[in-house]
Amino acid sequence: MTEEEREEKEALYGRILDAVTAAADGCPEVRIVPPEGFQSLVNGISQSWGRKGVPGVMIRSGKDGLVVEVSVSAAESGHLAEAGKKIQSVLWEALSPFGEAVSAVNIDILKIEK
């Protein structure tokens, strides 16, 4: 990978991170939280390889494009499945300008908050 390709990839990742965090801010039922366990380890490795990151959001290469993994906490009073579907829908809409570059958005509900 050339330096120019690496810079383009990092710029794309930065725009995706910005879109994800802005969209998530519009969903009061959930909030992005730092990952735990294995996800935390992988996120730390990605950041040490020079990729900018947001705790709770990981972008990785998948078979058909980029996979965006988002770790969230959900409000106790809500329905978890509905909250997960809503944030996933909002994120897909926010990432639609990236076209086929993003092939999947995975939501991990890690915590339930009061």
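Biologist: Thanks! To begin, how many helices and strands does the protein chain have?

Modeller: The protein chain has three helices and four strands. Helices (H or I, at least four residues) and strands (E, at least two) are DSSP runs, numbered from the N terminus. Do keep in mind that this is a predicted model, where local features need pLDDT of at least 70 and side-chain atom pairs count only at pLDDT 80 or more, while totals for chains, interfaces and linings use all residues. Residues are numbered from 1 along each chain as its sequence is written, and side-chain values use heavy atoms, with hydrogens and water left out.

Biologist: Good to know. In what order do the elements run from the N terminus on?

Modeller: They go α-β-α-β-β-α-β.

Biologist: And what share of the 114 residues counts as buried?

Modeller: That is 34% of the protein chain. Buried means under 20% relative accessible area, exposed means over 50%, and partly exposed is in between, with a 1.4 Å probe and protein chains only. The accessible areas come from the Shrake-Rupley method with a 1.4 Å probe, and for residues only the protein chains shown count as cover.

Biologist: Which residues touch the most other members in the largest nonpolar core?

Modeller: Those are I16, V20, V68, V70, L91 and L95, out of 26 residues in that core. At least two core residues each are supplied by helix 1, strand 1 (30–32), strand 2 (57–61), strand 3 (66–75), helix 3 (80–95) and strand 4 (102–113). Helix 1 gives the largest share, eight residues. A nonpolar core here is a set of buried Ala, Val, Leu, Ile, Met, Phe, Trp, Tyr and Cys residues joined through side-chain atoms within 4.5 Å.

Biologist: Why would such side chains sit together?

Modeller: In soluble globular proteins, nonpolar side chains tend to be buried together.

Biologist: Let's look at Y13. Is Y13 buried or exposed?

Modeller: Y13 counts as buried because its relative accessible area is 4%. Y13 sits in helix 1.

Biologist: Nice. Where is V54 found?

Modeller: V54 is in the loop between helix 2 (37–48) and strand 2. With 21% relative accessibility, V54 counts as partly exposed. The C-alpha atoms of V54 and L17 are separated by 7.1 Å, and these residues are 37 apart along the chain.

Biologist: Changing topic: how many salt bridges does a search of the whole structure find?

Modeller: The search finds five. A salt bridge is a side-chain nitrogen of Lys or Arg within 4 Å of a carboxyl oxygen of Asp or Glu.

Biologist: Which residue does R6 form a salt bridge with?

Modeller: R6 pairs with E3, and their closest N and O atoms are 2.4 Å apart. These two are separated by about one helical turn because they are three residues apart in helix 1. R6 is partly exposed at 33% relative accessible area, and E3 is also partly exposed, at 43%.

Biologist: What about K86, which side chain does K86 meet?

Modeller: K86 meets E29 in a salt bridge of 2.8 Å, N to O. This pair links distant parts of the chain, since K86 is in helix 3 and E29 is in the loop between helix 1 and strand 1, 57 residues away.

Biologist: And E69, is E69 buried or exposed?

Modeller: E69 is buried, with a relative accessible area of 13%. The side chain of E69 meets that of R60 in a salt bridge at 3.1 Å, N to O. R60 is partly exposed at 35%. Elsewhere, salt bridges that share partners join E3, R6 and E10 into one network.

Biologist: Now the surface. Which residues form the negative patch?

Modeller: E4, E5, E7 and E8 form that patch. One of them, E5, is placed in helix 1 (residues 3–25) and is partly exposed at 44% relative accessibility. Patches are made of residues with over 30% relative accessible area and no salt bridge: like charges are joined within 9 Å, and nonpolar side chains (Val, Leu, Ile, Met, Phe, Trp, Tyr) within 5 Å. Lys and Arg count as positive and Asp and Glu as negative, while His and the chain ends are not counted. The place of a charge is taken as NZ of Lys, CZ of Arg, CG of Asp or CD of Glu.

Biologist: Last one: which residues make the nonpolar surface patch?

Modeller: L80, I109 and I112 make that patch, which covers about 240 Å². I109 belongs to strand 4.
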